[in-house]
Amino acid sequence: IAKYVEISKFPPVRRDIAVIVDDNVSAQDLMEALNSAAPAVVREIALFDHFRGGNMPTGKKSLAFRVVMNDTEKTLTEEEIDKIDRSLKQTLVSLHQAQLRS
């Protein structure tokens with residue numbers, strides 16, 4: 001069944017969130033945490049990088065997610081974007097002991 005989604009005339013904003021977590025933490029668990037914490041203006045969250053080995057500590061992996069935000073009513077301000085970004089990152093830190101990557 002097709003679902004109607006209003007197309008915004010305002011520009012989307014993309015932010016990446018990269019974290020280091022224990023090997024036993026699944027990308028799906030992190031995705032579910034992000035989706036649960038995301039406000040309505042978050043339109044999409046997608047895993048785009050998964051890395052183990054190299055200079056990664058033993059028992060750890062790096063995961064990176066792309067977050068697309070878009071409001072149908074207005075252009076999002078930097079303050080609003082930063083607040084959402086911080087909130088999503090804090091969710092991963094508090095629920096999954098994720099370490100933020102820069």
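I began with strands E2 and E3 and found that eight bridges join E2 to E3 (residues 60-69), the two running antiparallel. Two strands pair if DSSP finds at least two bridges between them.

I noted before going further that this is a predicted model, in which local features need pLDDT of at least 70 and side-chain atom pairs count only at pLDDT 80 or more, while totals for chains, interfaces and linings use all residues. Residues are numbered from 1 along each chain as its sequence is written, and side-chain values use heavy atoms, with hydrogens and water left out.

**The sheet**

I then traced the whole sheet, which is open, has four strands in the order E2-E3-E1-E4, and is paired in the antiparallel sense. Strand E2 (42-51) and strand E4 (99-101) stand at its edges with a single partner strand each, so one side of each has no neighbour in the sheet. Neighbouring strands are turned against each other by 30 degrees on average, direction ignored; axes here are lines fitted to C-alpha atoms, for helices over the stretch in contact, and angles run from 0 to 180 degrees between N-to-C directions.

I followed E1 next, and found 10 bridges joining E1 to E3 in antiparallel fashion, whereas E1 and E4 pair over three bridges, also antiparallel. Val-21 stands opposite Lys-61 in E3.

I asked myself how many residues of E3 are buried. Eight of its 10 residues are, so E3 is largely enclosed by the rest of the structure; buried means under 20% relative accessible area, exposed over 50%, and partly exposed in between, with a 1.4 Å probe and protein chains only.

**Around Ala-46**

I picked out Ala-46, which lies in strand E2 and counts as partly exposed because its relative accessibility is 24%. Its bridge partner in E3 is Arg-66, and for Leu-47 the partner in E3 is Phe-65. Leaving aside neighbours within four places in sequence, I found Ala-46 in contact (heavy atoms within 4.5 Å) with Met-31, Ala-64, Phe-65 and Arg-66.

I also looked at the side chain of Arg-66, whose charged end sits over the ring of Phe-48, 4.4 Å from the ring centre. The criterion is that NZ of Lys or CZ of Arg is within 6 Å of the ring centre and within 35 degrees of the ring normal.

**The helix and the whole protein**

I turned to helix H2 (residues 78-96), which lies across strand E1 (13-22), E2, E3 and E4, and runs at about 15 degrees to E1. Counting elements, I found two helices and four strands, in the order β-α-β-β-α-β from the N terminus on.

Among contacts between residues at least 6 apart in sequence, 72% join residues at least 24 apart. The C-alpha atoms fill a box of roughly 45 × 35 × 25 Å, taken along the principal axes.
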